[in-house]
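Keep the viewer open as you read.

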Amino acid sequence: MTILSTTNLTKTYGKGVQEVHALAGVSLSVEKGEFIAVVGTSGSGKSTLLHMLGGIDRPTAGNVIIDGKDIFTLKEEALTIFRRRKIGFVFQHYNLVPVLNVYENIVLPIRLDGGTIDKPYIQSIIETLGLNDKLKNLPNNLSGGQQQRVAIARALAAKPAIILADEPTGNLDGKTSQDVLGLLKITSRKFSQTIVMITHNEEIAQLADRIIRIEDGSIINGKEADDHADPSRQ
C-alpha cells in the first residue's frame, strides 16, 4: 500500500538570473512500513524535499499525497491539524519542550490535538526505546542519545502515517548514532511505521530498506540498501 507519493514536485526560489531550482520535478512513492533514506550533499535539495513532504513549505508545482490526501489542497489551519495527526517529526536538535518531563514530551502531540492517549501503545513505545526509568526526567538531565529516543517516541505516539527524520543523528557520536538508527529500524518494523530519513551519511543510510539519492534537486536513483549493512538481516 502506497502511503506517500509525490508527482513532479518542484520548488523554485527567486526570479530571472537569481532563480534557483531547489527541487526539479521529483516523483517518488513510499510503501507503508518502508524505512527510506534520502541521501545527498549540502544543497542537493534533500532538506527542501523533507519540508515539502512535511507540509512545512509549499511547492511551486506538483503535489504530495499522504495517506490518500493531497496535502496542499488544504488551507493552513486544516494542514496544521493534518500534520499534527498524520506526520511525526524527528529533528537533529531534538526540539523537546524543556519544562516538560519525558512522558509529557512523548504524549504532547496527542494532548495538543485533544486525543485519547492509548496507554498500552505508549508503554510499548517507552519499553522498546528503553525509557522506562527516565519518564520523570527533564530533557536537560538526559544525554543526546536519550533525548533523541524521546523525540522518536514522541513522533510515534500519535500513530502517524509517516515519520520524517531530519539528520536525526547529526548531533550524536558514532556509537550513539548507530544505537539511535537501530532503534528507528526496530520501531519501523515493530509498529509498521513508515519512515523517511534524510542524511548526508552513507553509512547511516545503509540501515534503511531503500536509499534514494538526490542531486541538484532531482532524484538520480533509488535502490535497496546493501543487505550486509543491516545486522538484523544477518
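What follows looks at a helix and then at some salt bridges.

First, some ground rules: this is a predicted model, where local features need pLDDT of at least 70, side-chain atom pairs count only at pLDDT 80 or more, and totals for chains, interfaces and linings use all residues. Residues are numbered from 1 along each chain as its sequence is written, and side-chain values use heavy atoms, with hydrogens and water left out.

Start with helix H6, residues 174-190. (Helices, H or I with at least four residues, and strands, E with at least two, are DSSP runs numbered from the N terminus.) H6 has 17 residues and reaches 24 Å from its first C-alpha to its last, close to the 24 Å expected at 1.5 Å a residue; that expected span is 1.5 Å times one less than the number of residues.

Which residues of H6 are buried? They are Ser-177, Val-180, Leu-181, Leu-183, Leu-184, Lys-185, Thr-187 and Ser-188. Buried means under 20% relative accessible area, exposed means over 50%, and partly exposed is in between, using a 1.4 Å probe and protein chains only. The buried residues of H6 pack against strands E3 (35-39) and E8 (194-199), along with helices H4 (119-128), H5 (144-157) and H7 (202-205). Just after H6, look for Ser-192, which takes a positive phi of about 50°.

Now for the charges. Searching the whole structure turns up 10 salt bridges, each being a side-chain nitrogen of Lys or Arg within 4 Å of a carboxyl oxygen of Asp or Glu. One of them sits in H6 itself: Lys-175 and Asp-179 have their closest N and O atoms 3.1 Å apart. The two are four residues apart, about one turn of the helix. In general, an α-helix has 3.6 residues a turn, so residues three or four places apart point the same way. Lys-175 is exposed at 62%, while Asp-179 is partly exposed at 34%.

Another pair is Asp-57 with Lys-11, at 3.6 Å, N to O. This one links distant parts of the chain, 46 residues apart: Asp-57 is in the loop between helix H1 (46-53) and strand E4 (61-66), and Lys-11 is in strand E1 (residues 2-13). Lys-11 counts as buried at 11% relative accessibility, whereas Asp-57 counts as partly exposed at 24%.

Finally, find Asp-113 and Arg-85, whose side chains meet at 2.8 Å, N to O. Asp-113 lies in the loop between helix H3 (102-112) and H4, and Arg-85 in helix H2 (residues 76-86), so the pair ties together parts 28 residues apart in sequence.

How values were computed
Contact means heavy atoms within 4.5 Å.
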